Every structure is written in structure tokens, then in C-alpha cells.
Amino acid sequence: MKRTASAQWRGDLKSGSGTLTTASSTLSQTPYSFHSRFESGQGTNPEELLAAAHAGCFTMALSAQLAQAGLTADSLETTCTITFEKQPDGFAITSSHLDLQAKVPGATAEAFDQATQAAKAGCPVSKLYKTNISLSAKLL
């Protein structure tokens, strides 16, 4: 299985701008720019998209882990925060933090912790990132 997306850019780094498009058309010529990436301008940015990918992947992986334990969530709400920092050799993504709020009827703290840790380590996006991945998980 392969998934594709494309980027188009015009101009220089600071005054130029571009668009991002996914094969599914979920993103269709979605604008991005220096301002949306390094400031708070209109449009998206690669780090925001990486955060969405990690939150979505982890949450689906957790659903699968819970199912293996015979559990079904009423709700799983994950927020991912990507930290993007200037380093001596340029900018780098230095961490990805997952913050989970979960309602899982019948889950013990031990079963919940085991499922969340397995999902954090096993989701394909976590495997892709070569950075510190942290998790705060709360069973409600």
C-alpha cells in the first residue's frame, strides 16, 4: 500500500508560498508558507500535519490493542504536540507528545497502561519518527 501527497512552492523561503494536496483530496491545494510554519500565519505546515498523523495513527493502534484485550473504548481523544526547534545545524523535530483522554468501560489501570504503551511503540508513525515520543494517558 502506498499513499501520496504533493507540494508546490513558488518564490523564496520567506516571501514565497505553496500548496499541499493529498491523493484523497482531503487536502486540496491547502496553503502553507514561511509564516504558517515559523509564525502564526494562515495555512498549515508540515509539523501540524505530522501531529495529526501521529495522533490518528496512535489512536487507531490503541483501539486495536484494546480490542486484543477484549475492551472497546467509548471514546479515545488524542492530541499530539510536535516540538520543532532550531538546532545548531538547522531546524529539527525534537519530540512528539501524545496526550490521551480515554473512556474504556471495564479497563483496569494495568490493562490500559499495557495497551497505551504497546500502541505508542507499535503505531507505524511512531516507528517512523526518530525523536523522543512521550505519552500522558488518562483513563476516565
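1. Start with Phe 58. Setting aside the residues within four places of it in sequence, Phe 58 is in contact with Thr 78, Leu 98, Leu 100, Thr 116, Ala 119, Lys 120, Cys 123 and Leu 135. Keep in mind that this is a predicted model.

2. Phe 58 turns up again in the largest nonpolar core, which has 24 residues. Along with Leu 62, Leu 66, Leu 76, Leu 100 and Val 104, Phe 58 touches the most other members.

3. Which elements give two or more residues to this core? They are helix H2 (46–68), strand S4, strand S5 (90–103), helix H3 (109–122) and strand S6 (132–139). H2 supplies the largest share, with seven residues.

4. Now for the rings. Searching the whole structure turns up five aromatic pairs. One of them joins Phe 38 and Phe 84: the centres are 5.7 Å apart, the planes make an angle of 40 degrees, and the pair counts as tilted.

5. Phe 38 sits in helix H1 (residues 34–38) and Phe 84 in strand S4 (residues 75–87), so the pair links distant parts of the chain, 46 residues apart. There is also a cluster here: ring pairs link Phe 34, Phe 38, Phe 84 and Phe 91.

6. Buried would mean under 20%.

Notes: Residues are numbered from 1 along each chain as its sequence is written. This is a predicted model: local features need pLDDT of at least 70, side-chain atom pairs count only at pLDDT 80 or more; totals for chains, interfaces and linings use all residues. Side-chain values use heavy atoms; hydrogens and water are left out. Rings of Phe, Tyr and Trp (its six-membered ring) pair if their centres lie within 6.5 Å; planes under 30 degrees apart count as stacked, over 60 as edge-to-face and the rest as tilted. Helices (H or I, at least four residues) and strands (E, at least two) are DSSP runs, numbered from the N terminus. A nonpolar core is a set of buried Ala, Val, Leu, Ile, Met, Phe, Trp, Tyr and Cys residues joined through side-chain atoms within 4.5 Å. Buried means under 20% relative accessible area, exposed over 50%, partly exposed in between (1.4 Å probe, protein chains only). Contact means heavy atoms within 4.5 Å.
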